[in-house]
Amino acid sequence: MGLDSSNGYDYTGPERFVFVGEHMTEPKTPYELADEEFRCEHPASEIRYKVDSLGRRHYHNQCLTCGFAITSALKHDSVSDQDSVRPFNKLLEAAWWKARQERQREIGAQQRSERERELLALHGDYLKSPEWRAKRAAVLARDGCQCQAMLPGCTKIATQAHHLTYDHWKNEPLFDLVSVCACCHNMITADDRANRSQ
Ligand SMILES: [Zn+2]
Ligand SMILES: [Zn+2]
């Protein structure tokens, strides 16, 4: 997001909307937020061994919570009672990674839906503005109030304007908009939503 004036155009990118105020600060990514939640203090650990491809043992302190090897390989003579050492628990480590990944995904989905709500609210305000009313009237006049979608169930009489693109949101050239009846518009909107959520 941001303005790129190098080519002479104000380009707001695929995000389409430029926010001011609180959004000017870079928000934390889902990865950073999940990392914070999953920052393990390694409360308890135990010496475990890993086996390399040549069959040699390497001893590490494994955290019993997150499963990470919290020390690099220990000197063998510092490990007492080597016969009673248990193997490194890879499942523990994998489970922690998996839980963290799932949390990242959850946070990402949450952030996307919050953003979508914000955008919808802004768009709702725009649709109530005199500027939009004038633009819609111009589109309907251009199309002679005939629905341009003609989907099954079309009432033919257009009362609404549909955005073909939001690239020029709030500054739409009339060719970005088409006249549609409420019935067709509902169908197109439902379609768009289904496609987006896939
Ligand atoms: Zn840990
Ligand atoms: Zn229609």
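Modeller: A helix is here a DSSP run of H or I of at least four residues, a strand is a run of E of at least two, and both are numbered from the N terminus. With these terms, the place to begin is threonine 29, which lies in the segment before helix H1, residues 30-37. Please keep in mind that the model is predicted.

Is threonine 29 buried, exposed or in between? A residue counts as buried if 20 or more other C-beta atoms lie within 10 Å of its own, and as exposed if 12 or fewer do. Threonine 29 has 13 such atoms within 10 Å, and it is therefore partly exposed. Glutamine 111 is 82 residues away from threonine 29 along the chain, yet the C-alpha atoms of the two are separated by 9.2 Å.

Glutamine 111 also takes part in the contact between H1 and H2. Two packed helices are described by the angle between their axes and the distance between the axes. The axes of H1 and helix H2, residues 90-127, come within 8 Å and cross at roughly 130°. Angles of 65 to 115 degrees count as roughly perpendicular and those over 145 as roughly antiparallel, so this pair, crossing at roughly 130°, is oblique. The crossing of H1 past H2 is right-handed. On the side of H1 the contact is made by Pro30, Tyr31, Leu33, Ala34 and Glu37. H2 contributes Arg100, Arg103, Gln104, Ile107, Gly108 and Gln111.

We may now turn to the strands. Strands of a sheet pair through backbone hydrogen bonds, either parallel or antiparallel. Three strands form an open sheet in the order E2-E1-E3, and their pairing is mixed. Strand E2 (57-63) and strand E3 (86-87) are the edge strands, each pairing on one side only. Two bridges join strand E1, residues 45-51, to E3 in the parallel sense, and arginine 48 stands opposite arginine 86 of E3.

The loop between E2 and E3 holds alanine 73. Alanine 73 has 14 other C-beta atoms within 10 Å, and this residue is therefore partly exposed. Leaving out residues up to four places away in sequence, alanine 73 touches His58, Tyr59 and His60.

The largest nonpolar core has nine residues, among them Val139, Ala161, Leu177, Val178 and Val180. Strand E5, residues 177-180, gives the most to this core, with three residues.

The chain has four helices and five strands, which run α-β-β-β-α-α-β-β-α from the N terminus on. Of its 198 residues, 10% count as buried.

Definitions and conventions. Residues are numbered from 1 along each chain as its sequence is written. Chains are lettered from A and ligands numbered from 1 in the order in which they are written. This is a predicted model: local features need pLDDT of at least 70, side-chain atom pairs count only at pLDDT 80 or more; totals for chains, interfaces and linings use all residues. Two strands pair if DSSP finds at least two bridges between them. A nonpolar core is a set of buried Ala, Val, Leu, Ile, Met, Phe, Trp, Tyr and Cys residues joined through C-beta atoms within 7 Å. Axes are lines fitted to C-alpha atoms, for helices over the stretch in contact, and angles run from 0 to 180 degrees between N-to-C directions. Angles under 35 degrees count as roughly parallel, over 145 as roughly antiparallel, 65 to 115 as roughly perpendicular and the rest as oblique. A crossing is left-handed if the near helix is turned anticlockwise from the far one by less than a right angle, and right-handed if clockwise. Two residues are in contact if their C-beta atoms, placed from the backbone, lie within 7 Å.
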